[in-house]
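Please look over the sequence and the model shown here before reading on.

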Amino acid sequence: MSLTVLRFPHPALRYPAVPIKVTDEVRQLVKDMARLMRESNGIGLAAPQIGYPWRLFVCNPRNDRPEGEELVFVNPVLTPSVRHGSCLLEEGCLSIPGLYRKVSRPRVIDISWQDLDGNEHKTQYGGWTARVIQHEYAHLLGELFIDLIPSDPDIQQRLQFLVDEYALGRASGAIPEEHVIEESLKQLVERINHVA
Ligand SMILES: [Zn+2]
């Protein structure tokens, strides 16, 4: 399967992801996502970034996990630990290339999720791993890190470049019409909801 990382302002990035059942298709998708993340020099990739509105992301926060041993979160539910406060850390995003900014998020989180065998897990994470997980989790809600920072001329210029790039992709036919994208997202939601 050939996947690409969708870039801002692709509408799939704003489409809320739905809970899924773990199927062979999902297991294969995770393998493909992990490969794409590595090839893109990323440390996290959420399914909406490749056009799948499914609650699923992979990450390798410290870039030290061997291939096939990336962290995989299926149907995650994240709760910030309020008593540990927040911290500022620099973030970037494969869907918004060329933009890095300090973002404030909770320092510690609790997260429950399923693995690819359908087993349930619950763990507390702090530090950089908690940060990467929160960034990826936000993708499942259709949220991007630029939503959390005040805009400035550099950000506006970068986003405008991506908007122009998207318009060119649309004009050349490389990016489908809006209603075609919408239909494809709806079909993916339908398909995963009707797996036996
Ligand atoms: Zn991202």
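β1 and β2 pair in the antiparallel sense over three bridges, where helices (H or I, at least four residues) and strands (E, at least two) are DSSP runs numbered from the N terminus, and two strands pair if DSSP finds at least two bridges between them. This is a predicted model, in which local features need pLDDT of at least 70 and side-chain atom pairs count only at pLDDT 80 or more, while totals for chains, interfaces and linings use all residues. Residues are numbered from 1 along each chain as its sequence is written.

**Strands**
- Ala-46 has Phe-57 in β2 as its bridge partner.
- β2 and β3 run antiparallel and are joined by four bridges, with Cys-59 standing opposite Leu-71 in β3.

**Helix α1**
- The 16 residues of α1 (residues 24–39) should span 22 Å at 1.5 Å a residue, and the end C-alpha atoms are 23 Å apart, which agrees; the expected span is 1.5 Å times one less than the number of residues.
- The buried residues of α1 are Leu-29, Val-30, Met-33, Ala-34, Leu-36 and Met-37.
- These residues cover an arc of only 165 degrees around the axis, which puts them on the same side of α1; the arc is that of the directions from the helix axis to the C-beta atoms.
- Asp-24, Gln-28 and Glu-39 are exposed on the other side of α1.
- After α1 comes Asn-41, whose phi is positive, near 60 degrees.

Methods. Buried ≥ 20, exposed ≤ 12 C-beta atoms within 10 Å, placed from the backbone.
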